[in-house]
Amino acid sequence: MITIRFVVNGALQVLSVAPETTLLGALRNQLGLTGAKSGCEVGDCGACTVIVDGRSVNACLMLAVQADGCTVLTIEGLATREKLHPLQRAFEELAALQCGFCGPGAILSAKALLDVNPDPSRQEVRDGLAGNLCRCTGYTKMIDAVLHAAQELRAAPTSAATHGER
Amino acid sequence: MDSKPVVDGQRQAELQRAATPGVAAEHPLRIYREPLPAVFPAELRVPEVRLQTPAVGQRATRPDARLHGLGQTRYIDDMAFPGMLHARIKRAGVASARILRIDTREAEAMPGVMAVLTGRDIPVNSFGPSFQDQPVLADDRVFHAGDGVAAVAAVTEQLAADALEKIRVEYEPLPAVFDPLEALREDAHQVHAPANNVYARKVIRKGDVETALAASAHVFEQQYRTQMVEHVPIEPHAAIALWDANGRVTLYSSLGRITLGRADVARTLRLPVNRVRLVGTIVGGNFGGKNEITQEPVLALLSKKTGRPVKGVYTRNEEFTASTTRHPFIMDYKTGVDRDGRILARKVRLVLDGGAYCSWSETTLGKAAILSVGPYRIDHLLVEACVVYTNKTMTGAMRGFGAPQVCFAYESQMDEIAAALGIDPLEIRLRNVFVNGSSSPTGQVLDSVVVRESLLQAAERFGWKEGGA
């Protein structure tokens, strides 16, 4: 077993993990953060997407030991029930979530995109979500939601940074 | 027998009132609450028969979307119980074989492996919505490569997967058939011998198709094929079983049809239905692929053997090889038309590749056959449809139950006829579509038919004429 120390959703976590434990396994099974989903275990579907040091990664392909010393954001760290991130609000209001299984991953991929590109074109949003498969929505509503949230974040960056009371 | 619905005097008066413009708001059965949203034009405030309902065009949010977006929705794989074990199923990997022996001793001896199950342990080892032709775990014969042959419950998923490697299965290879047309031949390998490979048929006849074809100005013949499709829900099939001390089993499952599933589980476990509790949870995508039981009896028996909760989650590989898929269709169309493109006769032959087990094939076959001639007025019809066993992944329910496949065929042929006769593709459809009072291929007289209006509206909205045909 190997001891790792990393910051998850703002809190320092010290875990003892087996060498083959994935970051997804550590988050879901050891920290109880089940928002990241296991959909394919081979990095195709993106349901396990989390943000590690500012970049979106497939947590099923990253070993937990590789996250040692990193800062990790999962969907649980993005908002609380009453304080939604503009992306979460837009996904909800523009019907980008149906069965919802791919939602947390797609929202985090979108956040990683908007953090580096606050004013993406429609094509750039498509590229940003290319690693997140969804079988319900047909993607158009997701793309609409990301563009809508981007606009809101640009208009009020400070309130958005604190996630803005709904 | 009189097929008219019985409508008593008072109900008839209500229906008449509801159908009269302007009085529907007072209708005792109305479902629309006042006041209606301001976004609706005043003239649409009262829904009338054949008008759009006020729901169309309104924005609604799903009540469950908030927790989806927060990552707080609990799907099966997000649930855990104290002492819970993880199950994995060993897949045959061969399409057609006799199982000579299964040696599970090495797997059972592994530390962390709590129980191993084979087909012999299943009280009633068969299930299926129409025919019970599918084993829970193959015991004597393997009918397709995705058949489960043994299952393991271990303290971790990894250990369960490792234990599968230690299970040795000895097979005697048997002949196999993979092509549905080959499977139709008399000398073909019979997948479930002595049963014939053709396990369901549907024939629809109307008028005199041969005479009408002979009298047609033009006859078009073409074959169309569609491929196998997997639903690929992003959430794989998942379930948790808890066998309690009193001999009752509780199953949490991603199953869509829990009432049917409960009966199937009870049957396979030879339990009275009241000993089985099946809890449907939020499903991460179904699309028809989660309409019948899969691993639930296996998990229940592993829970019974170990006295612990047991969770099973399909791998993505199992989703493709061991869950149902959409039927591949081979569709032969022969259509006779007059000089103006009016369809006079249509002959359709459908061969559905059913894979190794029936599943929802009967339902799919029936719907496909009825819809196979398209939404067109055709007086002379012959539809001959059948579904055949092959040694492939089983096919079952998927969105549309066979409707999308035949739609691809008849609409493709409409375009071909239009092109050959130099008629606008929209125009040829308008000349042939159902109208009020048309009857379906099986004789149902259709009411409230708006195909024509829908086509015209759609063509106008997306600029069919401007785009050029």
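Reader: How many of the residues of chain A count as buried, in percent?
Author: Of its 166 residues, 52% are buried, meaning that 20 or more other C-beta atoms, placed from the backbone, lie within 10 Å of the residue's own. One caveat: this is a predicted model, where local features need pLDDT of at least 70, side-chain atom pairs count only at pLDDT 80 or more, and totals for chains, interfaces and linings use all residues. Residues are numbered from 1 along each chain as its sequence is written, with chains lettered from A and ligands numbered from 1 in the order in which they are written.

Reader: OK, and what's the secondary structure of chain A?
Author: Six helices and five strands, in the order β-β-α-β-β-β-α-α-α-α-α. Those are DSSP runs numbered from the N terminus: helices are H or I with at least four residues, strands E with at least two.

Reader: Now the pairing. Which way do β1 and β2 of chain A run?
Author: Antiparallel: seven bridges join β1(A), residues 2–8, to β2(A), residues 11–17. Strands pair if DSSP finds at least two bridges between them. A:Ile4 in this pairing sits opposite A:Leu15 in β2(A).

Reader: What about the hairpin between β1(A) and β2(A)?
Author: Two residues separate the strands, and A:Asn9 has a positive phi near 50°.

Reader: And where does β5(A) come in?
Author: β5(A), residues 71–73, pairs with β1(A) in the parallel sense, over two bridges. There A:Val7 stands opposite A:Thr71.

Methods
Buried ≥ 20, exposed ≤ 12 C-beta atoms within 10 Å, placed from the backbone.
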